[in-house]
Amino acid sequence: MRFIRKTRYEQDINLIKHNGQVLWYGLLLLALFAGPLWLDRFLLGEFAFVFIYAIAGLGLMVLVGYTGLVSLGHAAFLAIGAYVHAYFLNQGLPFPVTMVIATLFSALVGGLIAIPALRMTGIYLAVATLAFAVIVEQVLVHWESVTGGFRGMPVPRPELFGVNFASPTVFYFMCLVLLLGSMILVMNLLRSPAGRAMTAVRDSETSAESMGIHLARTKTLAFALSAGFTGLAGALFAHRLTYLAPDAFTIITSIQLLLMVVVGGLGSLHGVIYGAIFIGLLPQGIAIFRDSVPAAVAQIPGLEPAIFGLILILFLIYEPLGIYGRWRKVRLFFEEFPMYRKATYKRQKSFLRTERLQ
Amino acid sequence: MSLLRAEEISVHFGGVKAVQEVSFSVEQGEVFSIVGPNGAGKTTIFNLVSRIYDCTHGHVFFEDQDITRVPTHAVADLGIARTFQNTELFEQESVLNNLLIGCHVHRNTNLLSELFFLPSVRRQELDFRQKVEDVIDLLDLQSYREQIIGNLPYGVRKMVEIARALCLQPKLLLLDEPSSGLNPEETDDLSFWLEDINEELGITVIMVEHDMNLVTQASDRVMALADGHMVTIGEPQEVQNHPEVLRAYLGD
């Protein structure tokens with residue numbers, strides 16, 4: 001077990017808390033930046049996909065995990081990011097510019113959606129965002145002059161100064177760097193007043209308001225930031241798909257995104273990464289599962305969403321803190337071995353509303 | 001000039017008249033207590049002053065500014081901080097983070113500078129931390145600094161809530177039953193701290209309280225309420241022996 005001796009307030013402010021973190025995160029970064037040396041083409045692509053998911057997950061985590069607002073419509077922001085990006089690429093703008101436009105436009109739409117959504121929380125908000133996602137999907141289908149409708153829209157290859165950014169190695173690095181950048185932004189957010197205001201809104205709106213926090217502004221910000229990150233992920237996602245069609249952004253995608261943050265662990269950035277890895281690997285897992293069961297079971301339509309739903313429910317019941325929560329328990333077990341008490345993470349029954357941990 | 005002045009404030013919830021035409025004023029530097037049986041409208045008055053409820057009639061003035069219609073979050077900016085009867089802390093956060101949220105009204109940075117954590121944000125964070133540490137020192141919360149609220153006993157949570165309110169560096173502090181759920185020893189500490197808050201920090205305090213010992217010890221003036229009406233205002237002893245107050249509590 002590590003005890004950190006604190007002598008300066010900066011130690012609580014800095015992102016890196018102790019030297020052990022420098023070592024382990026350093027090694028992880030080294031391994032990731034050396035990715036092309038030890039990963040083949042297929043795995044590079046899969047890793048890039050996980051990074052994209054993680055960026056979208058960061059966005060959703062800001063909203064769901066830190067501000068406490070549930071969204072079942074994040075596929076819409078992914079779609080908006082992807083379509084805006086592809087549309088302007090087709091107009092001949094260079095891709096870094098279109099990526100910025102896609103991010104900002106998604107953020108703008110997110111901010112606008114927040115205005116009617118402000119009055120809702122919990123299940124009502126989930127339904128409202130779901131409706132929004134359906135509307136966006138319909139717009140993608142019917143606004144043919146821009147989106148190409150069901151025919152879809154090709155995504156031009158990203159090129160800059162003669163470098164092909166669609167090649168697996170370059171794309172891998174682009175996704176990695178954007179993920180790291182987004183991560184740092186979110187970590188900065190969480191250690192500054194705006195991020196604390198969001199967690200305050202999550203835990204108690206009444207007292208947040210009495211502490212001088214502007215509820216509407218904080219929620220709108222959370223929505224806009226969340227949508228912005230998801231839009232950026234959408235722009236990258238477009239390159240992975242190479243051809244956009246509305247059926248890539250359905251309710252299943254939204255549920256997948258939500259599944260990611262819940263399975264990873266609500267309210268933790270580690271959770272985003274664990275969740276992204278989990279979601280990235282899940283389709284492969286389901287494919288293996290289909291191969292190993294009798295054809296009659298494997299051919300059941302709607303098997304995938306059913307499995308997603310089942311996993312979501314199982315996590316909510318047995319490990320509400322997700323993979324990250326489980327990881328913390330395992331770590332504590334080894335740190336305190338042989339003194340680990342099972343009750344450490346067991347909540348005592350609480351009767352007062354104020355004693356209840358949501 | 002009074003710090004806070006309520007002029008004939010009333011609030012009705014449908015047919016229920018929770019507070020009816022109550023007027024009072026609180027002077028700078030005072031400890032003002034509100035007592036009364038359950039359902040007398042004490043907490044409702046707090047909710048009116050801190051703008052969680054809208055007054056049906058009447059006006060509330062703070063430093064001669066009419067705050068009857070200001071938005072809820074703006075009340076904190078004016079310098080009014082409050083605690084809640086059953087504690088409304090940010091339960092999944094550490095004590096430190098809770099107190100830092102108390103500093104939110106002093107925020108001078110914008111979202112963009114915070115996203116990039118510019119030096120100005122870092123300076124502000126250090127400044128906030130200093131403020132928080134001063135309050136931690138005052139209320140002896142050092143050993144709880146890193147604890148998650150959900151793991152703390154009720155008595156400590158009450159103190160953390162007062163600490164959070166103090167981090168706003170308010171002019172007026174509203175304490176809603178600060179001693180409820182505290183044991184006698186903690187209540188003694190509380191009356192000691194109330195004195196510190198009032199005299200050393202110069203913060204005016206209004207509290208709703210049932211513990212008459214604490215009320216007599218700590219407060220300069222007391223207002224008694226019954227069924228939404230004001231019964232009397234005066235010195236603690238005076239109010240305690242007032243026949244109307246006795247009737248409100250004990251019946252005829």
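**Entry 1: a pair of strands.** Before looking at bridge partners I noted the rule I need: two strands pair if DSSP finds at least two bridges between them. I also reminded myself that this is a predicted model.

I started with strand 1 (residues 4-13) and strand 2 (residues 16-26) of chain B, which run antiparallel and are joined by 7 bridges. Which residue of strand 2 of chain B is the bridge partner of B:F13? I found that B:F13 is partnered with B:V16. Strand 1 and strand 2 of chain B form a hairpin, with 2 residues between them. In the turn I looked at B:G14, which has a positive phi of about 60 degrees.

**Entry 2: confidence.** For the complex, the predictor gives an ipTM of 0.88 and a pTM of 0.88.

**Entry 3: domains of chain B.** I saw chain B divided into domain 1 (1-79 + 170-252) and domain 2 (90-169). Their C-alpha centres lie 26 Å apart. The contact between these domains takes 13 residues from domain 1 and 11 residues from domain 2 of chain B. On the domain 1 side, helix 2 (72-78), strand 7 (172-176) and helix 7 (184-199) of chain B each supply at least two residues. Helix 7 of chain B gives the most, with 4 residues. I sorted that side of domain 1 by class and wrote down 8 nonpolar, 2 polar and 3 charged residues.

**Entry 4: two helices of chain A.** Next I turned to helix 9 (residues 168-190) and helix 12 (residues 215-241) of chain A, whose axes come within 12 Å and cross at roughly 175 degrees. Why do I call helix 9 and helix 12 of chain A roughly antiparallel? Angles over 145 degrees count as such, so these two helices of chain A are roughly antiparallel to each other. Helix 9 of chain A makes the contact with A:F171, A:C175, A:L178 and A:S182, while helix 12 of chain A brings A:F229, A:L232, A:L236 and A:H239. The residues of this contact divide into 6 nonpolar, 2 polar and no charged.

**Entry 5: where the chains meet.** Last, I looked at the contact between the chains, which takes 28 residues from chain A and 34 residues from chain B. On the chain A side, helix 9, helix 10 (193-203), helix 11 (205-210) and helix 12 give two or more residues each. Helix 10 of chain A has the largest share, 7 residues. By class, I noted 14 nonpolar, 11 polar and 3 charged residues on the side of chain A that touches chain B.

Definitions and conventions
Residues numbered from 1 in each chain as written. Chains lettered and ligands numbered in written order. Predicted model: local features only at pLDDT ≥ 70, side-chain atom pairs only at ≥ 80, totals over all residues. Domains from an automatic or database assignment. Contact = placed C-beta atoms within 7 Å. Nonpolar A, V, L, I, M, F, W, Y, C, P; charged D, E, K, R; others polar. Axes fitted to C-alpha atoms, helices over the stretch in contact; angles between N-to-C directions. Parallel < 35°, antiparallel > 145°, perpendicular 65-115°, else oblique.
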